[in-house]
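Please follow the account below with the model open beside the text. It moves from strand pairing to a single helix, and then to a few individual residues.

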Amino acid sequence: MSKSLFQKPIEIKISTVVAVSAILATADRIALDAALAEMTGGTADFFEDDLTVIDIAALPAGCEPIDWAGLITLLKKYRLNPVAVRNAPPEMAAEIAAHGLSLETAGAKPREDTASTAPAPAPAPAPAPVAVAAAQAQPPAAASNGTDVMIIDTPVRAGQRIYARGCDLVVTAVVNNGAEIIADGSIHVYNTLNGRALAGASGNAQARIFALNMSPELVSIAGVYSTFEDGFPQEYARSPTQIRLVGDRIDISSVNTANRA
């Protein structure tokens with residue numbers, strides 16, 4: 001019998017693609033180019049073709065019109081890959097769509113996305129005319145041995161995203177509701193895990209999620225995910241727990257016993 005008869009026509013899995021936000025304070029491409037050149041320091045691979053959301057909320061009233069084609073070309077010059085626009089007025093929708101960009105809906109709650117460890121920076125009276133989320137240096141709270149682990153020592157707050165690219169992630173502080181932590185390897189939370197945790201983001205089905213105090217909104221291993229709208233299973237909630245992938249399903253078990261969900 002044909003193998004295709006056993007294949008699903010389509011599968012939907014949680015996306016682990018990470019996007020950065022390019023927050024524009026000017027539409028002047030010369031100023032933007034200069035700011036990006038200074039930010040990257042001439043490093044050709046400073047960005048790695050990261051998907052990019054262009055945020056225009058900070059543009060001053062009455063600024064020059066946005067040259068979308070020129071802006072897209074400029075961002076791609078620095079290996080930023082524009083895919084969407086945030087906080088655009090309705091009258092810009094047609095022009096934005098004409099340049100192949102999607103438009104974030106007004107009802108979606110804006111949040112600062114990060115591509116690595118940097119907490120969402122506070123709005124600054126910065127002279128730089130452009131700010132790109134996750135383009136700043138790592139904060140003192142984050143540490144890494146440079147090979148296989150990233151360590152976060154401060155709380156991960158709502159709306160913050162942390163991505164441990166190519167390594168495990170260790171968090172010693174609370175991960176709050178509305179936060180998102182992602183790792184290509186395993187995730188270890190030596191505190192309370194709320195929010196969303198996505199391990200094995202690059203497809204590692206052997207990755208696991210560990211927490212001393214477990215109460216997540218969503219967990220994912222290698223794209224297979226489970227949500228907990230009705231609450232995390234009571235027998236494991238608020239206790240040391242591990243989450244792993246068994247076959248094609250999420251498996252929950254206590255760190256202290258052999259009990260399984």
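Predicted model: local features only at pLDDT ≥ 70, side-chain atom pairs only at ≥ 80, totals over all residues.

Strand β11 (residues 187-193) runs parallel to strand β13 (residues 209-214), and 5 bridges connect the two.

Residues are numbered from 1 along each chain as its sequence is written, and side-chain values use heavy atoms, with hydrogens and water left out.

An open sheet of 5 strands with mixed pairing can be traced in the order β8-β10-β12-β14-β15. Its edges are formed by β8 (161-164) and β15 (224-227), each of which pairs on one side only, and from one strand to the next the twist averages 10°, where axes are lines fitted to C-alpha atoms (for helices over the stretch in contact) and angles run from 0 to 180 degrees between N-to-C directions.

The loop between β10 and β11 contains serine 186, which counts as buried because its relative accessibility is 13%; buried means under 20% relative accessible area, exposed over 50%, and partly exposed in between, with a 1.4 Å probe and protein chains only. A polar atom of the serine 186 side chain lies 3.0 Å from the backbone nitrogen of arginine 208. A polar contact is a pair of N or O atoms within 3.5 Å; within protein, one must be able to donate a hydrogen and the other to accept it, and residues adjacent in sequence count only if both atoms are side-chain atoms.

Turning to helix α1, its 12 residues reach 16 Å from the first C-alpha to the last, close to the 16 Å expected at 1.5 Å a residue, the expected span being 1.5 Å times one less than the number of residues. Its buried residues are Leu32, Ala35, Leu36, Met39 and Thr40. Seen down the axis of α1, these fall within an arc of 120°, so they line one face of the helix, the arc being that of the directions from the helix axis to the C-beta atoms. Ile30 and Glu38, on the other side of α1, are exposed. At the start of the helix, a side-chain oxygen of aspartate 28 comes to within 2.9 Å of the backbone nitrogen of isoleucine 30, while α1 is followed by glycine 41, with a positive phi near 60°.

Leucine 36, at 1% relative accessibility, is one of the buried residues.

Finally, the structure holds 0 disulfides, a disulfide being a pair of cysteine sulfur atoms within 2.5 Å. Cysteine 63 is partly exposed, because its relative accessibility is 30%, whereas cysteine 167, at 9%, is buried.

Note on methods:
Pairing = 2+ DSSP bridges. Helix = DSSP H or I, 4+ residues; strand = E, 2+ residues; numbered from the N terminus.
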